[in-house]
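Please keep the structure open as you read the points below.

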Amino acid sequence: MPLSLSYCTKWALAKKKPWKIIDEETARECHHKRQPYSAIISKGENAIYIIDIANEWVSIIFLDDMLRQYLRYDFKEVEPGRLFLRGGYFWEYEGDTDNEMGRKIFRFEENGYSLLAEDNFLTNESREVEVNGGVESNWEKYPEFGEYMYLCRKERDGKV
C-alpha cells in the first residue's frame with residue numbers, strides 16, 4: 001500500500017486527529033517561513049508518522065494502529081541546515097488502552113553526553129543512566145519540504 005502525505009496546522013495527540021487540515025501550498029509557505037505545521041504520512045487511511053515542524057525544531061512521531069504515539073524523536077537545528085537529535089521517547093501501553101505502562105526518555109548533547117530515564121508505572125520504579133559516547137548518528141540534514149521519510153527511521157544505530 002503506497003504512502004500518502006497530507007498537512008495540518010498541528011496533530012492533536014489526545015484526540016488522535018489533525019486540528020485543521022491545510023493544503024500543500026499553505027504547508028510549503030509555512031515550511032519556507034519556518035512557521036509551525038505538521039505533515040501526516042499515512043498508509044491507507046491510517047496515519048503512521050507525524051512530522052511536526054516549528055522554527056528550529058523537527059519532531060517525528062511514530063503512531064501505532066490505535067494512533068497512540070509510541071516513539072518520538074525531537075531534533076533541533078543547531079547549525080544552519082543541520083539537525084541534532086536532542087531527545088527520544090518510547091511509550092508502552094496497557095493492551096488496547098491509552099494507559100501508559102512505561103516510558104523511556106533519552107536526552108542527547110553534541111558533546112556525547114546522554115541520559116536515559118526509565119519509568120515503570122506498574123511497579124512505580126524509575127532509573128536513570130548517564131553515558132558518554134559517540135553521537136555521530138544523531139545528526140541529520142534539515143528536511144526539504146515534503147521530504148521527511150529519511151527522518152522516520154526507528155533504529156538509530158542502537159542509540160534509541
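**Notes on rings and charges**

1. Start with the aromatic rings. The count comes to 9 aromatic pairs. The model is a predicted one. Take tyrosine 7 and tyrosine 37 as a worked case. Their ring centres are 6.2 Å apart, and their planes meet at 50°. Stacked needs under 30 degrees and edge-to-face needs over 60. The pair is therefore tilted.

2. Now place that pair on the chain. Tyrosine 7 is in strand S1, residues 3-8. Tyrosine 37 is in strand S5, residues 37-43.

3. Tyrosine 7 has 4%, so tyrosine 7 is buried. Tyrosine 37 has 2%, so tyrosine 37 is buried as well.

4. Tyrosine 7 has another ring partner, phenylalanine 145. Here the centres are 5.2 Å apart and the planes are at 20°. That angle is under 30 degrees, so the pair is stacked. Phenylalanine 145 lies in the segment after strand S13 (139-141). From tyrosine 7 in strand S1 to phenylalanine 145 is 138 residues, and the pair links distant parts of the chain. Phenylalanine 145 is buried too, because its relative accessible area is 10%.

5. Stay with phenylalanine 145 for a moment. The C-alpha atoms of glutamate 29 and phenylalanine 145 are separated by 9.4 Å. Along the chain these residues are 116 residues apart. Glutamate 29 belongs to helix H1, residues 24-33. Its relative accessible area is 43%, so glutamate 29 counts as partly exposed.

6. Look next at a group of rings. Which residues do ring pairs link into a cluster? They are Tyr49, Phe62, Tyr70 and Tyr73.

7. The charged end of arginine 34 sits over the ring of tyrosine 142, and the distance to the ring centre is 3.8 Å. Tryptophan 139 has arginine 82 over its face, at 4.1 Å from the ring centre.

8. Arginine 82 also forms a salt bridge. Its side chain meets that of glutamate 79, with N to O at 3.1 Å. Why are both called partly exposed? Arginine 82 is at 34% relative accessibility, so it counts as partly exposed. Glutamate 79 is at 35%, so it counts as partly exposed too.

9. Salt bridges number 14 in this model. One of them joins arginine 68 and aspartate 64, with the closest N and O atoms 2.8 Å apart. Where does this pair sit, buried or exposed? Arginine 68 is buried, and aspartate 64 is buried.

10. Compare that with arginine 127 and glutamate 118. Their side chains meet in a salt bridge at 2.7 Å, N to O. Arginine 127 counts as partly exposed because its relative accessibility is 43%. Glutamate 118, at 22%, counts as partly exposed as well.

11. Finish with a network. Which residues are joined by salt bridges that share partners? Glu100, Arg103 and Asp119 form one such network.

Definitions and conventions:
Residues numbered from 1 in each chain as written. Predicted model: local features only at pLDDT ≥ 70, side-chain atom pairs only at ≥ 80, totals over all residues. Heavy atoms only, no water. Phe/Tyr/Trp six-rings, centres within 6.5 Å; stacked < 30°, edge-to-face > 60°. Helix = DSSP H or I, 4+ residues; strand = E, 2+ residues; numbered from the N terminus. Buried < 20%, exposed > 50% of the residue type's maximum accessible area, 1.4 Å probe, protein only. Lys NZ or Arg CZ within 6 Å of the ring centre and 35° of its normal. Salt bridge = Lys/Arg side-chain N within 4 Å of Asp/Glu carboxyl O.
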